[in-house]
Amino acid sequence: MNIYNTLTHRIEEFIPNEEGKVAMYTCGPTVYHYAHIGNLRSYIMEDVLEKYLRYDGYNVKRVMNITDVGHLTSDGDTGDDKMLKGAKREHKTVMEIAKFYTDAFFEDCGKLNIKTPDVVAPATQCIGDFIKVISALIEKGFAYESGGNIYFDTSKLEDYYVFHNFSEEDLEVGVREGVEEDTNKKNKADFVLWFTKSKFDSQELKWDSPWGVGYPGWHIECSCISMKNLGEYLDIHCGGVDNIFPHHTNEIAQSEAYLGHKWCNYWFHVHHLNTNSGKMSKSKGEFLTVSLLESKGYDPLIYRFFCLQSHYRKSLVFTYENLDNAKAAYEKLIGRISALVSAEDKGDVISDDLEGLKKGFIAAMNEDLNTSNAITALYDVLKADTTPATKLALIEDFDRVLSLDLKAAAERYLEEKKGGDIPQEVLALVEERKSARKAKDFARADELRDRIAALGYAVKETRQGTEITKL
Ligand code: AMP
Ligand code: ZN
(Lines give C-alpha, C1' and ligand atoms only; values in the text may rest on other atoms or scores of the structure.)
(Ligands and ions follow the chains in the order given, each with its own letter.)
Protein backbone atom coordinates (compact mmCIF):
# COMPACT_ATOMS: atom_id res chain seq x y z
CA MET A 1 0.00 0.00 0.00
CA ASN A 2 1.18 3.52 -0.78
CA ILE A 3 0.41 6.30 1.63
CA TYR A 4 1.25 9.99 1.89
CA ASN A 5 3.67 10.63 4.73
CA THR A 6 3.57 14.16 6.16
CA LEU A 7 7.08 13.64 7.48
CA THR A 8 8.63 13.21 4.05
CA HIS A 9 5.95 15.11 2.05
CA ARG A 10 5.77 12.14 -0.32
CA ILE A 11 3.57 9.19 -1.13
CA GLU A 12 5.54 6.16 0.02
CA GLU A 13 5.15 2.43 0.21
CA PHE A 14 3.91 1.48 3.66
CA ILE A 15 6.37 -0.91 5.27
CA PRO A 16 5.83 -1.57 8.97
CA ASN A 17 8.69 -2.26 11.36
CA GLU A 18 7.58 -5.81 12.01
CA GLU A 19 6.34 -7.93 9.14
CA GLY A 20 2.58 -8.38 9.19
CA LYS A 21 2.05 -6.15 12.21
CA VAL A 22 1.07 -2.50 12.48
CA ALA A 23 1.43 -0.30 15.55
CA MET A 24 -1.02 2.55 15.01
CA TYR A 25 -1.72 5.54 17.22
CA THR A 26 -4.54 8.06 17.00
CA CYS A 27 -4.91 11.33 18.87
CA GLY A 28 -8.23 10.99 20.66
CA PRO A 29 -10.82 13.65 21.43
CA THR A 30 -10.66 16.35 24.07
CA VAL A 31 -13.81 15.41 25.95
CA TYR A 32 -15.07 18.84 27.03
CA HIS A 33 -17.95 18.92 24.56
CA TYR A 34 -19.58 16.85 21.81
CA ALA A 35 -17.37 16.06 18.82
CA HIS A 36 -18.37 18.07 15.77
CA ILE A 37 -18.69 16.34 12.43
CA GLY A 38 -15.31 17.82 11.42
CA ASN A 39 -13.59 15.94 14.26
CA LEU A 40 -15.52 12.88 13.16
CA ARG A 41 -14.32 13.23 9.58
CA SER A 42 -10.81 12.60 10.92
CA TYR A 43 -11.97 9.55 12.87
CA ILE A 44 -13.91 8.14 9.91
CA MET A 45 -10.90 8.35 7.61
CA GLU A 46 -8.60 6.89 10.27
CA ASP A 47 -11.11 4.07 10.73
CA VAL A 48 -10.98 3.39 6.98
CA LEU A 49 -7.18 3.32 7.15
CA GLU A 50 -7.21 0.85 10.04
CA LYS A 51 -9.79 -1.36 8.36
CA TYR A 52 -7.94 -1.32 5.06
CA LEU A 53 -4.69 -2.33 6.78
CA ARG A 54 -6.58 -5.23 8.34
CA TYR A 55 -8.17 -6.05 4.95
CA ASP A 56 -4.65 -6.05 3.52
CA GLY A 57 -3.74 -8.78 6.03
CA TYR A 58 -1.97 -6.79 8.73
CA ASN A 59 -2.46 -7.49 12.38
CA VAL A 60 -3.16 -3.95 13.59
CA LYS A 61 -2.97 -2.75 17.17
CA ARG A 62 -4.51 0.67 17.44
CA VAL A 63 -4.25 2.89 20.50
CA MET A 64 -6.11 6.11 21.26
CA ASN A 65 -5.87 8.54 24.14
CA ILE A 66 -8.73 10.48 25.65
CA THR A 67 -7.71 14.01 26.57
CA ASP A 68 -9.39 14.63 29.88
CA VAL A 69 -6.77 16.98 31.31
CA GLY A 70 -4.19 19.48 30.10
CA HIS A 71 -5.46 20.68 26.70
CA LEU A 72 -5.57 24.42 27.14
CA THR A 73 -7.77 26.74 25.11
CA SER A 74 -4.71 27.60 23.05
CA ASP A 75 -2.56 24.78 21.72
CA GLY A 76 0.37 26.93 22.80
CA ASP A 77 0.15 26.33 26.57
CA THR A 78 -2.01 29.31 27.50
CA GLY A 79 -5.56 29.99 28.58
CA ASP A 80 -7.82 27.76 30.66
CA ASP A 81 -7.87 24.01 30.49
CA LYS A 82 -10.64 23.10 28.01
CA MET A 83 -11.96 20.52 30.47
CA LEU A 84 -12.26 23.11 33.20
CA LYS A 85 -14.11 25.41 30.84
CA GLY A 86 -16.55 22.61 30.02
CA ALA A 87 -17.10 21.90 33.72
CA LYS A 88 -17.79 25.58 34.47
CA ARG A 89 -20.17 25.83 31.51
CA GLU A 90 -22.27 22.91 32.74
CA HIS A 91 -21.81 23.32 36.51
CA LYS A 92 -20.37 19.84 36.80
CA THR A 93 -17.06 18.37 37.90
CA VAL A 94 -14.31 17.79 35.35
CA MET A 95 -14.65 14.02 35.75
CA GLU A 96 -18.42 14.17 35.17
CA ILE A 97 -17.82 16.17 32.01
CA ALA A 98 -15.13 13.73 30.88
CA LYS A 99 -17.36 10.69 31.44
CA PHE A 100 -20.37 12.24 29.73
CA TYR A 101 -18.52 13.40 26.60
CA THR A 102 -16.36 10.26 26.34
CA ASP A 103 -19.57 8.20 26.26
CA ALA A 104 -21.12 10.65 23.77
CA PHE A 105 -18.03 10.38 21.55
CA PHE A 106 -18.18 6.59 21.39
CA GLU A 107 -21.92 6.71 20.82
CA ASP A 108 -21.33 8.95 17.79
CA CYS A 109 -18.54 6.66 16.62
CA GLY A 110 -20.89 3.69 16.90
CA LYS A 111 -23.49 5.41 14.74
CA LEU A 112 -20.82 6.12 12.14
CA ASN A 113 -19.51 2.53 12.23
CA ILE A 114 -16.15 3.69 13.57
CA LYS A 115 -14.51 0.78 15.34
CA THR A 116 -13.32 1.42 18.91
CA PRO A 117 -9.50 1.19 19.01
CA ASP A 118 -7.95 -1.82 20.72
CA VAL A 119 -6.73 0.37 23.57
CA VAL A 120 -8.42 3.56 24.73
CA ALA A 121 -6.51 5.38 27.48
CA PRO A 122 -7.73 8.49 29.32
CA ALA A 123 -4.82 10.79 30.18
CA THR A 124 -5.87 11.00 33.84
CA GLN A 125 -5.22 7.24 34.19
CA CYS A 126 -1.61 7.51 33.05
CA ILE A 127 -0.14 10.29 35.25
CA GLY A 128 2.58 7.99 36.64
CA ASP A 129 3.77 7.23 33.09
CA PHE A 130 4.01 10.94 32.28
CA ILE A 131 6.02 11.63 35.44
CA LYS A 132 8.43 8.81 34.56
CA VAL A 133 9.11 10.18 31.06
CA ILE A 134 9.33 13.83 32.19
CA SER A 135 11.84 12.83 34.92
CA ALA A 136 13.95 11.03 32.30
CA LEU A 137 13.81 14.06 29.99
CA ILE A 138 15.07 16.30 32.82
CA GLU A 139 17.83 13.82 33.58
CA LYS A 140 18.90 13.69 29.94
CA GLY A 141 19.02 17.49 29.79
CA PHE A 142 16.03 17.91 27.46
CA ALA A 143 13.77 19.57 30.01
CA TYR A 144 14.11 22.31 32.63
CA GLU A 145 12.16 23.85 35.45
CA SER A 146 11.20 27.51 35.27
CA GLY A 147 8.62 29.55 37.19
CA GLY A 148 7.13 26.39 38.67
CA ASN A 149 6.64 24.56 35.36
CA ILE A 150 8.68 21.95 33.54
CA TYR A 151 9.46 22.86 29.92
CA PHE A 152 10.88 20.89 27.03
CA ASP A 153 14.01 22.60 25.74
CA THR A 154 13.61 22.65 21.94
CA SER A 155 17.08 24.14 21.44
CA LYS A 156 18.55 20.78 22.47
CA LEU A 157 17.30 19.21 19.24
CA GLU A 158 19.05 19.42 15.91
CA ASP A 159 15.77 19.58 14.02
CA TYR A 160 12.73 20.52 16.01
CA TYR A 161 10.49 21.58 13.10
CA VAL A 162 10.46 18.13 11.55
CA PHE A 163 7.33 18.64 9.46
CA HIS A 164 8.00 22.10 8.10
CA ASN A 165 10.69 24.53 7.35
CA PHE A 166 9.33 26.94 9.93
CA SER A 167 11.53 29.75 11.11
CA GLU A 168 11.43 31.28 14.56
CA GLU A 169 10.26 34.51 12.90
CA ASP A 170 7.18 32.80 11.43
CA LEU A 171 6.21 31.63 14.86
CA GLU A 172 6.76 35.05 16.41
CA VAL A 173 3.91 36.35 14.28
CA GLY A 174 1.66 33.74 15.82
CA VAL A 175 2.76 34.76 19.27
CA ARG A 176 2.11 38.45 18.62
CA GLU A 177 -1.30 37.82 17.10
CA GLY A 178 -2.92 35.59 19.65
CA VAL A 179 -1.13 34.85 22.80
CA GLU A 180 0.86 36.62 25.44
CA GLU A 181 4.42 35.37 25.64
CA ASP A 182 5.46 33.05 28.44
CA THR A 183 8.59 34.64 29.90
CA ASN A 184 9.54 31.42 31.69
CA LYS A 185 10.54 29.82 28.42
CA LYS A 186 14.17 29.76 27.33
CA ASN A 187 13.16 29.48 23.68
CA LYS A 188 9.95 30.54 21.96
CA ALA A 189 9.10 27.03 20.82
CA ASP A 190 9.62 25.40 24.23
CA PHE A 191 6.48 23.84 25.63
CA VAL A 192 5.16 22.74 28.99
CA LEU A 193 5.49 19.13 30.13
CA TRP A 194 4.15 19.71 33.63
CA PHE A 195 2.32 22.67 35.15
CA THR A 196 2.41 23.23 38.91
CA LYS A 197 0.01 25.01 41.18
CA SER A 198 2.23 28.05 41.10
CA LYS A 199 0.74 28.97 37.74
CA PHE A 200 -2.81 27.64 37.41
CA ASP A 201 -4.61 27.58 40.72
CA SER A 202 -8.02 27.08 39.18
CA GLN A 203 -7.14 23.60 37.92
CA GLU A 204 -9.51 21.05 39.45
CA LEU A 205 -7.50 17.88 38.87
CA LYS A 206 -3.99 17.90 40.26
CA TRP A 207 -1.48 15.24 41.14
CA ASP A 208 1.61 15.08 43.27
CA SER A 209 4.88 15.06 41.35
CA PRO A 210 8.61 15.54 42.03
CA TRP A 211 8.11 19.18 40.94
CA GLY A 212 5.10 19.98 43.09
CA VAL A 213 1.37 19.40 42.85
CA GLY A 214 0.20 20.01 39.32
CA TYR A 215 -0.96 18.54 36.05
CA PRO A 216 0.52 17.47 32.72
CA GLY A 217 0.79 19.46 29.51
CA TRP A 218 -1.27 18.19 26.59
CA HIS A 219 1.46 16.86 24.29
CA ILE A 220 3.17 14.49 26.74
CA GLU A 221 0.09 12.27 27.04
CA CYS A 222 0.19 11.02 23.45
CA SER A 223 3.92 10.21 23.53
CA CYS A 224 3.58 8.31 26.79
CA ILE A 225 0.34 6.48 25.99
CA SER A 226 1.73 5.42 22.64
CA MET A 227 5.08 4.21 24.00
CA LYS A 228 3.42 2.42 26.92
CA ASN A 229 1.05 0.44 24.70
CA LEU A 230 2.91 0.15 21.41
CA GLY A 231 6.55 0.14 22.44
CA GLU A 232 9.50 2.16 21.18
CA TYR A 233 8.71 1.88 17.47
CA LEU A 234 5.49 3.22 16.10
CA ASP A 235 4.47 2.53 12.49
CA ILE A 236 1.78 5.09 11.89
CA HIS A 237 0.42 8.06 13.79
CA CYS A 238 -2.86 9.77 12.85
CA GLY A 239 -4.66 13.01 13.47
CA GLY A 240 -6.21 16.04 11.81
CA VAL A 241 -3.91 18.50 10.02
CA ASP A 242 -4.27 21.03 12.83
CA ASN A 243 -2.35 18.57 15.01
CA ILE A 244 0.83 18.79 12.89
CA PHE A 245 2.02 21.84 14.74
CA PRO A 246 2.58 22.15 17.61
CA HIS A 247 1.08 18.87 18.89
CA HIS A 248 2.72 16.25 16.68
CA THR A 249 5.94 18.23 16.37
CA ASN A 250 6.14 18.23 20.17
CA GLU A 251 5.25 14.55 20.42
CA ILE A 252 8.20 13.70 18.18
CA ALA A 253 10.53 16.00 20.11
CA GLN A 254 9.69 14.38 23.47
CA SER A 255 9.52 10.79 22.29
CA GLU A 256 12.75 10.82 20.33
CA ALA A 257 14.62 12.72 23.04
CA TYR A 258 13.43 10.10 25.52
CA LEU A 259 14.08 7.08 23.33
CA GLY A 260 17.28 8.27 21.68
CA HIS A 261 16.14 7.03 18.25
CA LYS A 262 13.54 7.59 15.58
CA TRP A 263 10.06 6.90 16.90
CA CYS A 264 7.38 6.88 14.20
CA ASN A 265 7.82 6.28 10.47
CA TYR A 266 4.53 7.40 8.92
CA TRP A 267 2.36 10.40 9.77
CA PHE A 268 -1.19 10.36 8.42
CA HIS A 269 -3.13 13.62 8.55
CA VAL A 270 -6.73 14.20 7.58
CA HIS A 271 -7.59 17.57 6.11
CA HIS A 272 -10.35 19.67 7.58
CA LEU A 273 -14.04 19.71 7.09
CA ASN A 274 -15.03 23.34 6.70
CA THR A 275 -18.27 25.23 6.44
CA ASN A 276 -18.96 27.91 3.84
CA SER A 277 -17.87 30.48 6.38
CA GLY A 278 -14.56 28.74 7.13
CA LYS A 279 -13.27 26.54 9.93
CA MET A 280 -15.77 24.35 11.73
CA SER A 281 -16.30 25.42 15.31
CA LYS A 282 -18.04 24.27 18.48
CA SER A 283 -18.81 27.80 19.57
CA LYS A 284 -19.64 29.77 16.41
CA GLY A 285 -22.49 29.17 13.97
CA GLU A 286 -24.49 25.93 13.98
CA PHE A 287 -22.77 23.32 16.18
CA LEU A 288 -22.77 20.42 13.73
CA THR A 289 -23.03 17.11 15.56
CA VAL A 290 -24.18 13.64 14.59
CA SER A 291 -27.32 14.11 16.72
CA LEU A 292 -28.13 17.33 14.88
CA LEU A 293 -27.90 15.52 11.54
CA GLU A 294 -30.11 12.75 12.89
CA SER A 295 -32.67 15.26 14.11
CA LYS A 296 -32.80 16.59 10.56
CA GLY A 297 -33.53 13.11 9.23
CA TYR A 298 -30.07 12.06 8.03
CA ASP A 299 -28.85 8.55 8.80
CA PRO A 300 -25.29 9.01 10.22
CA LEU A 301 -24.01 6.60 7.57
CA ILE A 302 -24.95 9.17 4.93
CA TYR A 303 -22.39 11.45 6.54
CA ARG A 304 -19.84 8.61 6.44
CA PHE A 305 -20.64 8.09 2.74
CA PHE A 306 -20.27 11.85 2.18
CA CYS A 307 -16.77 11.72 3.73
CA LEU A 308 -15.74 8.66 1.72
CA GLN A 309 -16.72 10.35 -1.52
CA SER A 310 -13.75 12.69 -1.22
CA HIS A 311 -10.06 12.22 -0.58
CA TYR A 312 -8.81 12.62 2.97
CA ARG A 313 -6.02 14.95 1.81
CA LYS A 314 -8.41 17.54 0.44
CA SER A 315 -10.37 19.87 2.62
CA LEU A 316 -14.07 19.28 2.34
CA VAL A 317 -16.90 21.80 2.54
CA PHE A 318 -19.98 20.80 4.46
CA THR A 319 -23.32 22.17 3.26
CA TYR A 320 -26.73 20.61 3.58
CA GLU A 321 -26.94 20.67 -0.21
CA ASN A 322 -23.79 18.54 -0.43
CA LEU A 323 -25.14 16.20 2.21
CA ASP A 324 -28.44 15.91 0.32
CA ASN A 325 -26.51 14.90 -2.79
CA ALA A 326 -24.72 12.22 -0.78
CA LYS A 327 -28.07 11.08 0.65
CA ALA A 328 -29.61 10.74 -2.81
CA ALA A 329 -26.55 8.84 -4.10
CA TYR A 330 -26.50 6.53 -1.04
CA GLU A 331 -30.20 5.76 -1.33
CA LYS A 332 -29.87 5.04 -5.03
CA LEU A 333 -26.94 2.75 -4.30
CA ILE A 334 -28.94 0.90 -1.64
CA GLY A 335 -31.85 0.59 -4.07
CA ARG A 336 -29.58 -1.05 -6.62
CA ILE A 337 -28.12 -3.42 -4.05
CA SER A 338 -31.62 -4.33 -2.87
CA ALA A 339 -32.39 -5.60 -6.38
CA LEU A 340 -29.49 -8.03 -5.97
CA VAL A 341 -30.59 -9.04 -2.49
CA SER A 342 -34.13 -9.79 -3.66
CA ALA A 343 -33.07 -11.66 -6.80
CA GLU A 344 -34.70 -15.08 -6.80
CA ASP A 345 -31.88 -16.69 -8.73
CA LYS A 346 -28.58 -15.25 -7.52
CA GLY A 347 -26.40 -17.78 -9.30
CA ASP A 348 -23.03 -18.88 -7.99
CA VAL A 349 -20.06 -16.79 -6.96
CA ILE A 350 -17.74 -16.78 -9.96
CA SER A 351 -14.27 -16.58 -8.49
CA ASP A 352 -12.55 -15.21 -11.64
CA ASP A 353 -15.05 -12.35 -11.79
CA LEU A 354 -14.68 -11.80 -8.06
CA GLU A 355 -10.91 -11.54 -8.19
CA GLY A 356 -11.00 -9.35 -11.31
CA LEU A 357 -13.45 -6.87 -9.82
CA LYS A 358 -11.64 -6.74 -6.48
CA LYS A 359 -8.61 -5.34 -8.25
CA GLY A 360 -10.22 -1.97 -8.89
CA PHE A 361 -11.06 -1.54 -5.23
CA ILE A 362 -7.62 -2.63 -4.05
CA ALA A 363 -5.86 -0.38 -6.57
CA ALA A 364 -7.89 2.61 -5.37
CA MET A 365 -7.20 1.97 -1.71
CA ASN A 366 -3.54 1.17 -2.32
CA GLU A 367 -3.09 4.57 -3.92
CA ASP A 368 -3.07 6.73 -0.80
CA LEU A 369 -6.45 5.51 0.42
CA ASN A 370 -8.47 6.84 -2.47
CA THR A 371 -11.92 6.15 -1.08
CA SER A 372 -13.73 8.04 -3.80
CA ASN A 373 -12.18 5.75 -6.43
CA ALA A 374 -13.01 2.80 -4.19
CA ILE A 375 -16.66 3.85 -4.37
CA THR A 376 -16.35 4.05 -8.15
CA ALA A 377 -15.05 0.45 -8.00
CA LEU A 378 -18.23 -0.42 -6.11
CA TYR A 379 -20.37 1.07 -8.89
CA ASP A 380 -18.28 -0.91 -11.39
CA VAL A 381 -19.32 -4.07 -9.56
CA LEU A 382 -22.99 -3.13 -9.89
CA LYS A 383 -22.54 -2.55 -13.63
CA ALA A 384 -20.48 -5.69 -14.23
CA ASP A 385 -21.67 -8.62 -16.25
CA THR A 386 -21.65 -11.26 -13.55
CA THR A 387 -24.02 -13.06 -11.18
CA PRO A 388 -25.87 -11.34 -8.31
CA ALA A 389 -24.09 -13.75 -5.94
CA THR A 390 -20.69 -12.51 -7.14
CA LYS A 391 -21.77 -8.89 -6.84
CA LEU A 392 -23.12 -9.37 -3.33
CA ALA A 393 -19.93 -11.13 -2.25
CA LEU A 394 -17.88 -8.18 -3.52
CA ILE A 395 -20.15 -5.62 -1.90
CA GLU A 396 -19.78 -7.36 1.44
CA ASP A 397 -16.04 -7.64 0.93
CA PHE A 398 -15.57 -3.91 0.20
CA ASP A 399 -17.88 -3.05 3.06
CA ARG A 400 -15.42 -4.60 5.52
CA VAL A 401 -13.48 -1.39 4.87
CA LEU A 402 -16.14 1.12 3.84
CA SER A 403 -18.50 0.14 6.68
CA LEU A 404 -21.60 1.57 5.04
CA ASP A 405 -23.88 -1.32 6.09
CA LEU A 406 -24.63 -1.82 2.42
CA LYS A 407 -26.30 -5.23 2.57
CA ALA A 408 -28.16 -4.59 5.83
CA ALA A 409 -29.45 -1.25 4.49
CA ALA A 410 -30.64 -2.98 1.30
CA GLU A 411 -32.46 -5.60 3.37
CA ARG A 412 -34.03 -2.87 5.51
CA TYR A 413 -35.03 -1.02 2.35
CA LEU A 414 -36.76 -4.14 1.02
CA GLU A 415 -38.57 -4.66 4.32
CA GLU A 416 -39.78 -1.07 4.34
CA LYS A 417 -40.82 -1.28 0.72
CA LYS A 418 -42.73 -4.41 1.44
CA GLY A 419 -44.56 -2.44 4.12
CA GLY A 420 -44.76 -5.34 6.51
CA ASP A 421 -46.93 -8.39 5.94
CA ILE A 422 -48.77 -8.36 2.66
CA PRO A 423 -52.47 -9.32 3.11
CA GLN A 424 -53.48 -12.78 1.94
CA GLU A 425 -56.00 -11.22 -0.46
CA VAL A 426 -53.25 -9.31 -2.25
CA LEU A 427 -50.99 -12.35 -2.44
CA ALA A 428 -53.84 -14.40 -3.93
CA LEU A 429 -54.47 -11.73 -6.59
CA VAL A 430 -50.74 -11.60 -7.37
CA GLU A 431 -50.70 -15.37 -7.91
CA GLU A 432 -53.77 -15.11 -10.14
CA ARG A 433 -52.08 -12.36 -12.10
CA LYS A 434 -48.96 -14.52 -12.57
CA SER A 435 -51.11 -17.29 -14.07
CA ALA A 436 -52.89 -14.79 -16.34
CA ARG A 437 -49.54 -13.52 -17.62
CA LYS A 438 -48.32 -17.06 -18.17
CA ALA A 439 -51.43 -17.69 -20.24
CA LYS A 440 -50.72 -14.41 -22.09
CA ASP A 441 -54.06 -13.03 -20.92
CA PHE A 442 -52.74 -9.49 -20.50
CA ALA A 443 -56.15 -7.84 -20.26
CA ARG A 444 -56.91 -10.00 -17.20
CA ALA A 445 -53.42 -9.34 -15.78
CA ASP A 446 -54.01 -5.57 -16.05
CA GLU A 447 -57.40 -5.87 -14.43
CA LEU A 448 -55.84 -7.80 -11.53
CA ARG A 449 -53.07 -5.19 -11.21
CA ASP A 450 -55.75 -2.52 -10.79
CA ARG A 451 -57.54 -4.57 -8.13
CA ILE A 452 -54.22 -5.00 -6.30
CA ALA A 453 -53.66 -1.23 -6.56
CA ALA A 454 -57.12 -0.60 -5.11
CA LEU A 455 -55.96 -2.58 -2.05
CA GLY A 456 -52.91 -0.27 -1.73
CA TYR A 457 -50.18 -2.37 -3.38
CA ALA A 458 -48.14 -2.15 -6.56
CA VAL A 459 -47.03 -5.23 -8.45
CA LYS A 460 -44.19 -5.20 -10.92
CA GLU A 461 -42.26 -7.81 -12.91
CA THR A 462 -38.49 -7.40 -12.60
CA ARG A 463 -35.61 -9.50 -13.83
CA GLN A 464 -35.45 -10.91 -10.32
CA GLY A 465 -39.12 -11.89 -10.26
CA THR A 466 -42.39 -10.36 -9.07
CA GLU A 467 -42.01 -7.38 -6.74
CA ILE A 468 -44.83 -6.28 -4.45
CA THR A 469 -44.56 -2.87 -2.83
CA LYS A 470 -46.86 -0.65 -0.79
CA LEU A 471 -48.24 2.30 -2.73
P1 AMP B 1 -9.90 17.61 19.53
O2 AMP B 1 -11.07 16.94 20.20
O3 AMP B 1 -10.03 19.08 19.41
O4 AMP B 1 -8.57 17.22 20.18
O5 AMP B 1 -9.86 17.07 18.02
C6 AMP B 1 -10.08 15.73 17.69
C7 AMP B 1 -9.57 15.44 16.29
O8 AMP B 1 -10.32 16.18 15.30
C9 AMP B 1 -8.12 15.81 16.04
O10 AMP B 1 -7.50 14.77 15.30
C11 AMP B 1 -8.20 17.07 15.22
O12 AMP B 1 -7.06 17.25 14.43
C13 AMP B 1 -9.44 16.80 14.38
N14 AMP B 1 -10.12 17.99 13.85
C15 AMP B 1 -10.37 19.15 14.45
N16 AMP B 1 -11.09 19.99 13.66
C17 AMP B 1 -11.32 19.32 12.50
C18 AMP B 1 -12.01 19.61 11.27
N19 AMP B 1 -12.64 20.76 11.08
N20 AMP B 1 -12.02 18.67 10.29
C21 AMP B 1 -11.39 17.48 10.47
N22 AMP B 1 -10.74 17.14 11.62
C23 AMP B 1 -10.70 18.03 12.63
ZN1 ZN C 1 -2.04 13.48 20.33
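**Close-up views of a predicted model**

**View 1. Three strands make up an open sheet with mixed pairing, in the order 13-12-14.** Strands here are DSSP runs (E, at least two residues), numbered from the N terminus, and two strands pair if DSSP finds at least two bridges between them. Strand 13 (278-279) and strand 14 are the edge strands, each pairing on one side only. Strand 12 (residues 273-275) and strand 14 run parallel and are joined by two bridges. Asn 274 stands opposite Val 317 in strand 14.

The model is predicted: local features need pLDDT of at least 70, and side-chain atom pairs count only at pLDDT 80 or more. Residues are numbered from 1 along each chain as its sequence is written, and side-chain values use heavy atoms, with hydrogens and water left out.

**View 2. Phe 306 and Phe 318 form an edge-to-face pair, because their ring planes stand at 90° with the centres 6.1 Å apart.** Rings of Phe, Tyr and Trp (its six-membered ring) pair if their centres lie within 6.5 Å; planes over 60 degrees apart count as edge-to-face, under 30 as stacked and the rest as tilted. Both Phe 306 and Phe 318 are buried, meaning under 20% relative accessible area (1.4 Å probe, protein chains only). One aromatic cluster is formed by Tyr 298, Tyr 303, Phe 306, Phe 318 and Tyr 320.

**View 3. The charged end of Arg 313 sits over the ring of Tyr 4, 4.0 Å from its centre.** For this, CZ of Arg or NZ of Lys must be within 6 Å of the ring centre and within 35 degrees of the ring normal. Lys 92 lies over the face of Phe 100, at 5.1 Å from the ring centre.

Terms used. Chains lettered and ligands numbered in written order. Buried < 20%, exposed > 50% of the residue type's maximum accessible area, 1.4 Å probe, protein only. Helix = DSSP H or I, 4+ residues; strand = E, 2+ residues; numbered from the N terminus.
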